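Work through the exercises below with the sequence and the model side by side. Try each task before reading its solution.

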Amino acid sequence: MTPQRAELWERLGAPTDQVGSVNDPRTQEEFGVKWNEKWVYVPEHGSSEQRVVLWNRYDFLGIFRVAPDGTATPEPLPED
């Protein structure tokens, strides 16, 4: 089951930055996924990896950990 936007926002908190929006018709491709909205979370204390959440309109596409060199690793959904 894929998470809803509000549910994921509650689990992860507000993103540090956002690119695009749910109503933006322009898509981009990153990590092999076409998206139109990206939530970006800056690295947590002691980590150098960003967390990125990708959406295509209301459809959840995935969470990725992005290393400083740009390498992305899919991340499982966070537990409650």
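**Exercise 1: a salt bridge across the chain**

Arg 5 and Glu 37 form a salt bridge through their side chains, at 2.8 Å from N to O. This is a predicted model: local features need pLDDT of at least 70, side-chain atom pairs count only at pLDDT 80 or more, and totals for chains, interfaces and linings use all residues. Residues are numbered from 1 along each chain as its sequence is written, and side-chain values use heavy atoms, with hydrogens and water left out.

Task: which parts does the pair Arg 5 and Glu 37 tie together?

Solution. 
- Apply the rule: a salt bridge is a side-chain nitrogen of Lys or Arg within 4 Å of a carboxyl oxygen of Asp or Glu.
- Locate the partners. Arg 5 lies in helix H1 (residues 5–12) and Glu 37 in strand E4 (residues 37–41), so the bridge joins parts 32 residues apart in sequence. Helices (H or I, at least four residues) and strands (E, at least two) are DSSP runs, numbered from the N terminus.
- Check burial. Buried means under 20% relative accessible area, exposed over 50%, partly exposed in between (1.4 Å probe, protein chains only). Arg 5 is buried at 18%, and Glu 37 is buried at 1%.

**Exercise 2: a bridge within a helix**

Task: how many residues apart are Arg 11 and Glu 7 in helix H1?

Solution. 
- Find the contact: their closest N and O atoms are 3.0 Å apart, a salt bridge.
- Count along helix H1: the two are 4 residues apart, about one helical turn.
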